[in-house]
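Please keep the sequence and the structure at hand.

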Amino acid sequence: MLRLTHQRELVAESGRIAQLKEEEKQKRAENVKAQRNRESTRYVEALRAQMMEKIKLQNTDLPPLCCCGTDFWDSHPDKCANNCVFYKNPKVYVKALQSVLSSCDAWDGHCRNTSVKKIASMHLYSAWK
């Protein structure tokens with residue numbers, strides 16, 4: 001009888017240990033996800049700051065990336081409308097920013113002030129079509 005009670009206690013204790021391990025595993029997964037989210041947010045903000053600096057140096061206004069805002073800087077994955085391509089999708093937003101940034105870099109060697117102006121005028125031209 002004593003042996004049966006002892007076995008039940010061991011089974012219950014092992015169940016509690018397994019439950020604690022599972023909870024610890026879930027906490028670690030949540031921490032990793034939160035860390036990735038923070039890193040992604042910092043990356044997006046750093047890329048935006050880099051873009052702002054480049055655009056400010058070239059003294060040019062860019063057209064909006066999406067229809068959610070009035071200017072280039074109004075688009076943001078956290079602030080866009082739920083039917084926007086950037087809404088809760090920082091990867092696509094970063095890709096668009098990198099594309100604009102690389103376009104600026106590609107033109108920097110040849111004609112410094114016309115690179116962003118050319119991008120802006122191409123966007124306006126495509127909007128008229």
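The sections below take these topics in turn.

## Basis

The model is predicted: local features need pLDDT of at least 70, side-chain atom pairs count only at pLDDT 80 or more, and totals for chains, interfaces and linings use all residues. Residues are numbered from 1 along each chain as its sequence is written, and side-chain values use heavy atoms, without hydrogens and water.

## Largest pocket

The volume of the largest pocket is about 280 Å³. Its lining comprises 14 residues, with Asn37, Ser40, Thr41, Asp78 and Pro90 nearest the centre. Helix H1 (2-58) and helix H2 (90-108) each supply at least two lining residues; H1 gives the most, with 6 residues. Helices here are DSSP runs (H or I, at least four residues).

Beyond its neighbours within four places in sequence, Leu97 is in contact (heavy atoms within 4.5 Å) with Leu47, Arg48, Met51, Leu65 and Phe72.

## Salt bridge

There is 1 salt bridge in the structure (a Lys or Arg side-chain nitrogen within 4 Å of an Asp or Glu carboxyl oxygen). Glu24 pairs with Arg28, and their closest N and O atoms are 3.0 Å apart. Both residues lie in H1, 4 residues apart, about one turn of the helix.

Conventions
1 Å grid on protein atoms, 1.4 Å probe; cavity = no way out; pocket = protein on both sides within 12 Å on 5 of 7 lines; lining within 4 Å. Points joined across faces, edges and corners; volume = space filled by probe spheres on them.
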